[in-house]
Amino acid sequence: MTKLSTQVEGSLNITTPGLHIWRIEAMQMVPVPSSTFGSFFDGDCYIVLAIHKNGNNVSYDIHYWIGQDSSQDEQGAAAIYTTQMDNYLKGRAIQHREVQGNESEAFRGYFKQGLVIRKGGIASGLKQVDTNSYDVRRLLHVKGKRNVVAGEVEVSWKSFNRGDVFLLDLGKLIIQWNGPESNRMERLRGMTLAKDIRDQERGGRACVGVVEGDNENASPKLMEVMNHVLGKRMELKAAVPDTVVEPALKASLKLYHVSNSEGKLVVREVATRPLTQDLLNHQDCYILDQGGLKIFVWKGKDANAEEKKEAMSQALNFIKAKQYPPSTQVEVLNDGAESAVFQQLFQKWTVPNRASGLGKTYTIGSVAKVEQVKFDATSMHVKPEVAAQQKMVDDGSGEVQVWRIEDLKLVPVDSKWLGHFYGGDCYLLLYTYLIGEKQHHLLYIWQGKQASQDEITASAYQAVILDQKYNGEPVQIRVPMGKEPPHLMSIFKGRMVVYQGGTSRANSVEPVPPTRLFQVQGTSAKNTKAFEVLARATSLNSNDVFILKTQSCCYLWCGKGCSGDEREMAKMVADTISRTEKQVVVEGQEPANFWMALGGKAPYANTKRLQEETLAITPRLFECSNQTGRFLATEIPDFNQDDLEEDDVFLLDVWDQVFFWIGKHANENEKKAAAITAQEYLKTHPSGRDPETPIIVVKQGHEPPTFTGWFLAWDPFKWSNAKSYEELKSELGNPEDWGQLTAEITSPKLDVFKANSNLSSGPLPIFSLEQLVNKPMDELPEGVDPSRKEEHLSVEDFTKVLGMTPAAFSALPLWKQQSLKKEKGLF
């Protein structure tokens, strides 16, 4: 079997984050120079190793990319080498099969400037991407709003359509043509790619011109070049809509058990959505089919070695049997090294023996206990990642205003009722805190379980009005009853009480229950609340403290598993519930009246405190859209702040809460539909998510540290310093008159040469400054073009003598270039 060569193994640094790329040449892995990363030939196959580092954890993704014109032998070799690479990494990698034209977002995301797919390959003699060569004539079709893929197409108007961006690359001139129906982001991405080709492939010695397809008359010279090169202009094709994937298809999951015990592949369906982790047996291999969009193969650590080795083949056979397209994406995962995307297709995914990173939403009455983590509130803004993990913007000592929804209007809550939340009401709570001298606002929308639908609707409507009053700055947090976040509890300093029903309205005629039972959760003034439960013995739990209020007495019942801190906090919150003296009752020593008040003794949860299981939670960012009339969420792998586009809305899912980020130029309909869109995301999530998960609406420029902490190195000034598309276009620094450059292309000079002329094509030979500066023509070395002396310099010497990069120089008007060359002795 093919093995990784010692040369490949020797060149691998498997602890440093970054990319390694190899091309399959004569069935061997040949490294691709980093200067040409992002350029792929469609006649070849490639292997890409991505190394990621998160704290002390290193993870690996191996992608093998199949060009549409590559040979079966090359494809087979790439697949085998991928398996060998995984073995070398001791089964810690995730394997991906990428087919040209259907690359995964993760793969595209590695090439931020764009993925360029060129015609040809090893078989046609194209060994690598030439740099500094002007002998180019190609048309690139740029697709994708976020991670761009540019494929070479026929150099003709026939290739164009009204909705995409095209780059006509003519060596010295690159023309970007923007379809009339292309959007701002697609145009920006096209420009980034054009500049990248200019700077990386041409050493900065090319011009980039832009033609707006809806105003071609504004660029007559560039259009003259396009018509000269592309032939007669014809009617353009209509815009090609982006592939739309129905959420229902994404949520369609089927798990199959795979076996070759009888000498042939046997695939048997074992489960459909919702899936649970315990369905995966360590002794077996499984295929998870996500609606035919993507196939996952999971290899149990104790599975048959032959089955593990054949994992990718099994997936390809499965695709054939199901008659799915050959380009269907495949991901092969090892037991214990699963991707976040795979984990979150299951209802919950736990990792044994891992230190707890994130807590989970606490459920009243459950035996499992959430560990309360002590934190220093002053570190929240210095270390936003702490704020994000703890879900705290500060210690709750800011200013607070509370309103209740009454007759669908806002009514201020009397100070004596602050901290009391009734299940029959809805409340709006505006919290104001300072970072330096600047005020920031949180707007909590608390919705009781017994509140009417009209009141719930009114709470959302009034939140919008309040939000507008504060210029759209507040971060909106929807809090369903029972899902109160730690920060909301910290505002009331250990005195927050949630009642099952009722209201605090002055004119209420609802009878107050004679007996009430409250479960107390929390260990400090920052994380404590009392939550009303059914006044029955079955509601008790040995791990907690309960307050039982009757007409004659107030009991403080302490379970055997509760801590001293929990008992102290229970005493404090009990004073809020009842002013009468508290009778402390220890579990097992209850008086008869205690049980009588609860309707008699009955079994309750009394197992000793369970260890909190560690949920494997990876924050995930999605770009959201409902422009097609239905909700679509596109995941952005390895996200950072740059991925948040001002024209869009994004959803950041950290499992026990969901952030909805709204860019300042986002579509008005998407802004209005923010909460509904986030709810739709939860409803259509493949793992069957809790629809009551809190949703937090965040506006661009007003992000709290609980949000920014999930992004590495958040820059609060990023958008205030950002340049518009028009500003970037004006900075291309093109000549005022395109006449000379267009004349060279449309009316090329005849080649005139002498006996000693240099006839070799390609990049000009490089000479030192001493050989070129202030030298008359007869003293110049052989092979120097006297009119282009500066192009014979290395980039380092060029920058040193002319005081700017080749890219900056080529952007100058011709007269300025000539003047500078005279001044520096290069004319």
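Me: If helices (H or I, at least four residues) and strands (E, at least two) are DSSP runs that are numbered from the N terminus, in which strand does Gly209 lie?
Reply: This is a predicted model, in which local features need pLDDT of at least 70 and side-chain atom pairs count only at pLDDT 80 or more, while totals for chains, interfaces and linings use all residues. Residues are numbered from 1 along each chain as its sequence is written, and side-chain values use heavy atoms, with hydrogens and water left out. With that numbering, Gly209 falls within residues 207–212, and the strand with these residues is E12.

Me: How many helices and strands does the protein chain have, and what percentage of its residues is buried?
Reply: The secondary structure of the chain comes to 24 helices and 34 strands. Of the 827 residues in the protein chain, the share that is buried is 52%.

Me: What is the mean pLDDT of the protein chain?
Reply: pLDDT is the predictor's confidence in each residue, on a scale from 0 to 100. In this chain 84% of the residues reach 70 or more, and the mean pLDDT is 79.

Me: How many contacts beyond near neighbours in sequence does the stretch of residues 750–762 have in the model?
Reply: Contact means heavy atoms within 4.5 Å. Over residues 124–129 the pLDDT stays under 50, and the model has 15 contacts for them beyond four places in sequence. Where pLDDT is low, the predicted coordinates should not be read in detail. Residues 750–762 also have a pLDDT below 50, and their contacts beyond near neighbours in sequence number two.

Me: Which residues does Val297 contact, leaving aside its neighbours within four places in sequence?
Reply: Val297 lies in strand E16, which covers residues 294–299, and with a relative accessible area of 0% it is buried. Glu331 is 34 residues away from Val297 in sequence, yet their C-alpha atoms are 6.3 Å apart in space. Once the neighbours within four places are set aside, Val297 is in contact with Tyr286, Ile287, Ala311, Ala315, Glu331, Val332 and Leu333.

Me: At what angle do helices H5 and H20 pack?
Reply: The axes are lines fitted to C-alpha atoms, for helices over the stretch in contact, and angles run from 0 to 180 degrees between N-to-C directions. Helix H5 (residues 220–230) and helix H20 (residues 739–746) have axes 10 Å apart, and they pack at an angle of about 10°. Angles under 35 degrees count as roughly parallel, over 145 as roughly antiparallel, 65 to 115 as roughly perpendicular and the rest as oblique, which makes H5, in relation to H20, roughly parallel. The angle asked for is about 10°.

Me: How many of the residues in the contact of H5 with H20 are nonpolar, polar and charged?
Reply: From H5, Lys221, Glu224, Val225, His228 and Val229 meet Gly739, Thr742, Ile745 and Thr746 in H20. Ala, Val, Leu, Ile, Met, Phe, Trp, Tyr, Cys and Pro count as nonpolar, Asp, Glu, Lys and Arg as charged, and the others, Gly among them, as polar. On this scheme the residues of the contact divide into three nonpolar, four polar and two charged.

Me: How far does helix H2 reach from its first C-alpha to its last?
Reply: The expected span of a helix is 1.5 Å times one less than its number of residues. Helix H2 (residues 72–88) has 17 residues, and its buried residues include Ala77, Tyr81 and Met85. Its reach is close to the expected 24 Å, and the value in the model is 24 Å.

Me: What is the relative accessible area of Gln323?
Reply: Gln323 lies in the loop between helix H8 (311–321) and strand E17 (329–334), and it has a positive phi of about 60° although it is not a glycine. Gln323 is exposed, and its relative accessible area is 72%.

Me: What is the relative accessible area of Asn471?
Reply: Asn471, which is not a glycine, has a positive phi of about 60° and is found in the loop between helix H12 (453–469) and strand E23 (475–480). Asn471 is exposed, with a relative accessible area of 64%.

Note on methods. Buried < 20%, exposed > 50% of the residue type's maximum accessible area, 1.4 Å probe, protein only.
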